[in-house]
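The sequence and model come first, and the notes follow.

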Amino acid sequence: MATPSRTFLARFPAGHPRGSWPADEYAATQRAQGHDAHVVMDLTTDQFLVVTPVTHPAPQ
């Protein structure tokens, strides 16, 4: 059974004048390259994170 996790591709400050746009644009570029990238908000650090799900095989 696989355990899902995430890989961080990039971080963008939430205080950016354009808001989440830079993160959204980066995620769109990654999706165009075939990566399943999504933007999430990290409230603890006040940043937008671009992440991709990664599945690691369970130890055997």
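Where does tyrosine 26 lie? Tyrosine 26 is found in helix α1.

## Basis of the model

This is a predicted model, in which local features need pLDDT of at least 70 and side-chain atom pairs count only at pLDDT 80 or more, while totals for chains, interfaces and linings use all residues. Residues are numbered from 1 along each chain as its sequence is written, and side-chain values use heavy atoms, with hydrogens and water left out.

## Helix α1

Helices (H or I, at least four residues) and strands (E, at least two) are DSSP runs, numbered from the N terminus.

Buried means under 20% relative accessible area, exposed over 50%, and partly exposed in between (1.4 Å probe, protein chains only). In α1, Pro22, Ala23, Ala27 and Gln30 are buried. Exposed Trp21 and Ala32 sit on the face turned away from the buried side. Glycine 34 follows α1 and has a positive phi, near 95°.

Tyrosine 26 is partly exposed, with a relative accessible area of 29%. Contact means heavy atoms within 4.5 Å. Neighbours within four places in sequence aside, tyrosine 26 is in contact with Leu9, Ala10, Phe12 and Val50.

The C-alpha atoms of tyrosine 26 and alanine 37 are separated by 8.8 Å.
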